Structures are given as C-alpha cells and as structure tokens.
Amino acid sequence: MYVLRRLPSLIATLLAVSILTFLMTSLLPGDPALQILGAENATPEAIAAVRSELQLDDPLPVRYLHWIGDALTGDFGRSYRTNEPVSQAIVERLPVTAEIGLLAIVIALAIAIPVGMLSAYRAGTRTDKVISSTSFGLLAVPNFMVAILLILVFAVWLGVLPATGWVNFTDNPVQNLRSALLPALSLAIAEMAVYTRLLRTDMIATLQQDFVTMARVKGVSNRRILFRHALRPSSFSLLTVAGVQVGAIIGGSVVIETLFAVPGVGRLLLEAVLVRDLLMVQGVALVIAVSYVVVNFTVDILYSYLDPRISHGRSSARV
Amino acid sequence: MDAVRQEFDPPRTTHGNAAQGDVSTPMPNLGAPHPGAPDGAGPVDGGTGAVTEAVAGPPAKKKRGFGVTFWLAVTWLVAVLVCAVFANILPVKDPLVPDVLNKLAYPGPEHWLGTDGLGRDTLARLVHGARVSVTISVTAVAIGMVVGGFIGIIAGFFRGKLETVLMTIINIILAFPALVLLLVLLAFVGRSLVVISLIVGFLSIPIYTRVARATTLAVAEREFVRASRTMGAKNSRVLAREILPNVVLPVAAFGLVAMGVVIVLEGTLAFLGLSVQQPAPTWGGMIFDGKRYLNEAPHVVLIPSIAMFLTVLSLNLVGDSLRTRFDVRGSNL
C-alpha cells in the first residue's frame, strides 16, 4: 500500500526534525541555568544544582534521548517561568491556532477556486487580466498589513467585528466565529492569491486536453466540463501547495495571533522565545514542526487517492 | 519564505502531473469567449504582460523589451536604494528628533508626509528606514545566493550520493516553518542589524540550493556542456565556464523576489518586537508604532505600509519578468 511504503520516510523525517529542534535549542549560546536563576541569584552552587536537575551536564546524545523519550509520552517538562507543564499549555492553545488556520484555508479555497477557474476559462480577456494582476498585487501585501487594514475597516470604521480578543467555541459559538474571522481573513488573503494563480495555470493546461475537446464535441455544458471534468485534474498542484502553505500559515499565525491578542500556539511560541523559556520553546517548536510534516504527509496520501495513477504507476513498476 | 518556496516549487514535479503537456500554448479550447485571441500566450503589454506570461508559461516568440510597468518598478527600486545609501546626505529632517507641537500631523508643507505619534518626521523615517530594509535584504540574499547557489550547483552537477545527502539535509531544514526557526534562533542569538541579516541569510540557504540545483540539472543536459566535455574540458572548467554563467542569472532573478520576502520578514519581526532596537527607524517598526493611532491618524500606518507594499511589488515584478526572460522552468525543483 502507498501509505505503508511512505511510512519509513515519514518516520525518518520526524526523527530528523526532532534532532534538529533539540540541537537548535541546546547548542545556542547562553547557559539556561543562568537564565532560570537570573543574574542576582546565580551562585555557583545554585547553577550546579539547576544544571544537574535539568541534566545539562550529560552528553548531548543522552540528553536528546531523555528529552525525546519523555516527549513521546507527552511530557515536555515544565515552563521555567510559570511552572505550567509544557504539554498542557500546548494542548490548550493548539485548537485556537488550528481553528484560525483551517478557517483561513477554507476561506482562501472558497474564493480561489471559482476565481481561478473563471480566470482560466476567460484566459487572455480583460477579466483574466484583472484577476491575474490583482492576485499578483496581493502577493506583495504582508499579512500584518492585511490585518491592520481589516482592523481599520471592520473594527475602527464600521465597528462590526472585534479588533482583539478571543472567545472559546464552547463558551459562545457565535462570538467565537466573530473573534476568529478577522485573524483568519488576514491569513487567507495571501493564500488566496497563491491558490488562484496556481489553479489558473493548471486549469488552462487542462482545458487543452483532448478529453475536454471530446466533452465539448459531445455537447456537455460548459459548467459541467469545468466542474466535473477539468477541476479534479487541475487541482493536484493546488492540493500539494495548500499543504506546503500550511507552513506559511503557521508562521503567519505567530504575527496574527500577537496582533489580535489570540491565545494560540504561535503566540505561545513567541512569548516563550521572548523570555527564553527553553523547554517551552523546544516543545512548541517540535509540535509545530511535527504537525507541519504530518500535514504534508497526509496531503501526499490524499493525492494518491485523487490521482490513482501515482500509486498504480509505482506499484506496477515494482511488481 | 514559504510563499516564494511554492512559487518556485511546482509540486507537479514530485508527482508527475498529467496536465503538464501543453503549458506553452495556454489558450483554452473551451467555448470561445475571446475571438481573435493572439497566438501563444499573447502577452499583454506593460506589467500585466509580465504577470500573464509568468503564469501562463513563456510563449514561443515574445517581444524583447519589458514594458512601462517594469521600468516604473525599477525606478522605484533605484529610488529606495538611493534613499538607503544617501540617507545622511539627503535634505530630510532628523528621523529621531520629535516636533512636539506637531504630533500625528497630516502631510503638509512643514512635514511632507506628516509626523508619527511622537512628532517625528515620517519622510525622514522612511528614508532612514530604507537603510535597514536594504541592508537586511541585500546581506541575506547575498549570503543565501552565494552559499546556497554553491551547494546547489555542486549537488546538481556531481549528482550521486553527495546530492542525496545534501538534498536530504536541505529538505529537513525546509520541514520547519521558516518563521519558527527564525524566532528560535533570534531569541537566543540576539537582534542587531548584522545578526538579523546573517540569520535570515543562513535560513534562506536551502531554498537557493533547490533553485540552483534545479537550474544546474537542466543546464548540465544541454549540448554546449556535452561539447565542452567532448573537447576534454575538466570538471572545474565546465563548472566555471559553462554551468555557472547559465545558473547565475536565474538564481539572481529568484533572489530579487526573495528580497521582497526578506523586507516583509523585517516587518514581521518588528511586529514581534524582535527587529532592530528602537528608536532606529525601520519600515516594519513604523507600521507597528502607527497601529496605536489607527483611530485618530490612520495615515501614520498607511504611508509606511504603502512604501513597503510598493517595494515588495516592484521586486516581485522585476524578479518575475527576469525569470520569464531567463526561462527558468521549475521542472527539476
């Protein structure tokens, strides 16, 4: 099976990612013990005590094995600052980021698919030029700029949506959506431009295929050709890129969550980074990187279902 | 960085897309909403031409010359560069001295582009802020291009185990969302102009490696490379005289687009309080500071935003036009 064949490379990647996360945060200059204690409390004995408690004096491979072993059981240690378990902090914040990110992708796709198809269908016309130039322009607008413009229009001028803050879905679903809408839109705009451009290119290529001509000759309606015949073969790149772009959304969520004061994983990472909360940084970075890898793995698998030629081609070659 | 990553990394390559065949003649044969459409992509003149071309794939024969929008973009970029280099000589006010009586002033004869919340001259801060944007983006792109380009050419030219090892490492680094890596590194290393430029440059190495390798793979197949080999040229000579000149331009075109990404990144860092220390003016910092006065004086935010937008847009436009000109297909990325 395709999934099983891809599994070893997934595990290898995850392993490599975890090693990189660990090395990155362990090899950097600065003694974590000193940072935990603060300059005034840092007597040599206190530093030695903290170092032995955190096993900082063990060789790196031993420390890595300890860390990853604990991480696999869901134990990332505790925050230096708040003494809160890292895993608990992540579990509390993850749904918020996931909701905003998913909403952003859904919004982006909901706009990009029809617009990209229209642009491809009318390739070369004025409509197409307007759409193409607009999406090209949108690529040059950073997400924080979108966020500020949205706040200016919807929160300051119109006053219809809250500029900052977060309401949990379980507390009030409507307010939750209202607080998620602007952050999600800020992330969605750039994605939308990327998706539109991509779908347009692929769709234009698909519309020249013989089966489309065939369908036209048979008198199939334009709408049916576009949605039933052409969309699926044109959407493969879109799907993969949507997976890759999850990285942009995760990166963007750091800024957007900070701007909108939303308690998500991105802001958690930023706060941990600002106070150099080592274990928190390690834990959050690992969870983010692992989610990103897993998302792209899943997209890869989905892809093989959408386009059966992939797994068939390879498996028949092996048999 | 991720947005650019995908621009140059058409995923069809990893999976062999069925719809790859006819990209070069991008007129759909569905219906006829555009009678008398020109041959090929029929690039429109001006800037939209660059856009349509880039998206639709290069037509068989295209006009030489770049069109008005391209040159407008170049002009803007030159202006920004001049501001950055001659910020101290240009007849602008001191970017750090507040005019306390004229806080949040609208654009006028006294302050051409108004003042910020402390009464500092916006034009002066824009001009001096250009210095930060230009320094960071040029340094970062230079590092990424030289180191990443070198690794990519080596990987693409020698192939074999070396390539496998190099590309595996590169792909693992790319498995991290770029901003996450950047944040972690910045927090522990520091945040001076030099450090930020170096780290961003270091982090962009993998993506240049991929672009350079892809281009090298394509160039290495060409007949003039074979000819050179047949004539007994050593590897070093083929690399220096045949491969390098043909890889540099496409990678440089990519570097222009990447410069825009780095400028945005500086803005992002400013928002996170991790950019160059205040009160040194940076575009990102100006937008961030201005956010406080969104209610009473939106122009404080909008003016630096427009400057940043125009710069990134120009870089994208110029980079994209050049890329189309050099005909870099993503076929081996």
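I looked up the secondary structure of chain B and found 13 helices and 0 strands, where helices (H or I, at least four residues) and strands (E, at least two) are DSSP runs, numbered from the N terminus. I noted that this is a predicted model, in which local features need pLDDT of at least 70 and side-chain atom pairs count only at pLDDT 80 or more, while totals for chains, interfaces and linings use all residues. I also noted that residues are numbered from 1 along each chain as its sequence is written, with chains lettered from A and ligands numbered from 1 in the order in which they are written.

**Entry on the chains**

I read that chain A holds 14 helices and 0 strands, and that its C-alpha atoms fill a box of roughly 85 × 65 × 35 Å, taken along the principal axes. I checked burial next, counting a residue as buried if 20 or more other C-beta atoms lie within 10 Å of its own, as exposed if 12 or fewer do, and as partly exposed in between, with C-beta atoms placed from the backbone. Of the 319 residues in chain A, 44% are buried, and for the 333 residues of chain B the figure is 49%.

I then looked at contacts, which are pairs of residues whose C-beta atoms, placed from the backbone, lie within 7 Å. Among contacts between residues at least 6 apart in sequence, those joining residues at least 24 apart make up 71% in chain A and 69% in chain B.

**Entry on helix H4 of chain B**

I checked the length of helix H4 (residues 68-85) of chain B: at 1.5 Å a residue its 18 residues should span 26 Å, and its end C-alpha atoms are 26 Å apart, which agrees. The expected span is 1.5 Å times one less than the number of residues.

I listed the buried residues of H4(B) as Thr69(B), Phe70(B), Ala73(B), Val80(B) and Cys83(B). They lie on the same side of H4(B), because they cover an arc of only 150° around the axis, the arc being that of the directions from the helix axis to the C-beta atoms. The face turned away from this buried side carries the exposed residues Val68(B), Thr75(B) and Val78(B).

**Entry on Ile189(A)**

I found Ile189(A) in helix H8 (residues 173-206) of chain A. Ile189(A) counts as buried because 23 other C-beta atoms lie within 10 Å. Leaving out residues up to four places away in sequence, I found that Ile189(A) touches Leu138(A), Val141(A) and Val146(A).

**Entry on two helix pairs**

I looked up how helix H9 (residues 210-217) and helix H10 (residues 222-234) of chain A pack, and read an angle of about 150° with the axes 11 Å apart; axes are lines fitted to C-alpha atoms, for helices over the stretch in contact, and angles run from 0 to 180 degrees between N-to-C directions. In H9(A), Phe211(A), Val212(A), Ala215(A) and Arg216(A) meet Ile225(A), His229(A) and Ala230(A) of H10(A).

I turned to chain B, where the axes of helix H5 (residues 122-158) and helix H8 (residues 193-203) come within 7 Å and cross at roughly 40°. Among the residues that meet there are Val132(B), Ile136(B) and Gly144(B) in H5(B), and Leu193(B), Ser197(B) and Phe202(B) in H8(B).

Conventions. Two residues are in contact if their C-beta atoms, placed from the backbone, lie within 7 Å.
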